[in-house]
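Please have the sequence and the model open as you read.

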Amino acid sequence: MRIPLEVTFRHMEPSAAAEARIAEKVAKLEQIYDQITRCQVVVEAPHEHSRQGKLFHVSIDLTVPGTELLITRGHNHQSHAHEDVYVAIRDAFDAARRRLEDHVRLRRGDVKHHERPRVEAEPE
C-alpha cells in the first residue's frame, strides 16, 4: 500500500484483524485508481441500545486529485447486518469502490453529458 492509511476506532477497542481487513480493502481501491493520496477510515460502535445490538458505523474519507470522496455506512436501524463490524466494513468499502469507479469514469470523460434543453425567450 502506497498511500497513508489512518484507521480510528471509536467507542470500541482497536482490532488488528479489522485494521488488516481495512488495509486489504484499501489496496483493492488502489488497484482501481492509483492516484488516491489519502485514506482515513473511522469505525464506530455507538452506545448500546436496549432493544438492539451494536450497529457499527464506518466512514471512509478518500482524497483524490481534485476532490474528496466521503462514504458513510451504518446506523441502519432497518437491518441488523451491521451488528458485525466486518459486514459494516465490507458494505462501506463496496460503496467506496462504486464512488471511486464513478469518479474515474468522470475523469476519463466516459460519462455522457446530456445537452440542456434550450429555453426560448418569450416574445415581448
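Which residue forms a salt bridge with Asp-61? The partner is Arg-38, and the closest N and O atoms of the pair are 3.1 Å apart. A salt bridge here is a side-chain nitrogen of Lys or Arg within 4 Å of a carboxyl oxygen of Asp or Glu. Asp-61 lies in strand β3 (residues 57–64) and Arg-38 in strand β2 (residues 38–44), so this pair ties together parts that are 23 residues apart in sequence. Helices (H or I, at least four residues) and strands (E, at least two) are DSSP runs, numbered from the N terminus.

Before going further, a word on the model: it is predicted, local features need pLDDT of at least 70, and side-chain atom pairs count only at pLDDT 80 or more, while totals for chains, interfaces and linings use all residues. Residues are numbered from 1 along each chain as its sequence is written, and side-chain values use heavy atoms, with hydrogens and water left out.

**Charged pairs**

Side chains of opposite charge can pair when their charged atoms come close. The structure holds five salt bridges; among them are these:

| Pair | Closest N to O |
|---|---|
| Asp-61 and Arg-38 | 3.1 Å |
| Asp-102 and Arg-105 | 2.4 Å |

Glu-68 belongs to strand β4 (residues 67–74), so its pairing with Arg-38 in strand β2 ties together parts that are 30 residues apart in sequence.

Asp-61 counts as buried, at 12% relative accessibility. Arg-38 is partly exposed at 22%, and Glu-68 is partly exposed at 48%.

The pair Asp-102 and Arg-105 sits within helix α2 (residues 85–108), where the two are three residues apart and separated by about one helical turn. Asp-102 is partly exposed at 38%, and so is Arg-105 at 35%.

**A loop residue**

Met-12 is found in the loop between β1 (5–10) and α1 (16–32). Apart from neighbours within four places in sequence, Met-12 is in contact (heavy atoms within 4.5 Å) with Val-43, Ala-45, Phe-56 and Val-85. The C-alpha atoms of Met-12 and Glu-44 are separated by 7.1 Å, although these residues are 32 apart along the chain.

Terms used
Buried < 20%, exposed > 50% of the residue type's maximum accessible area, 1.4 Å probe, protein only.
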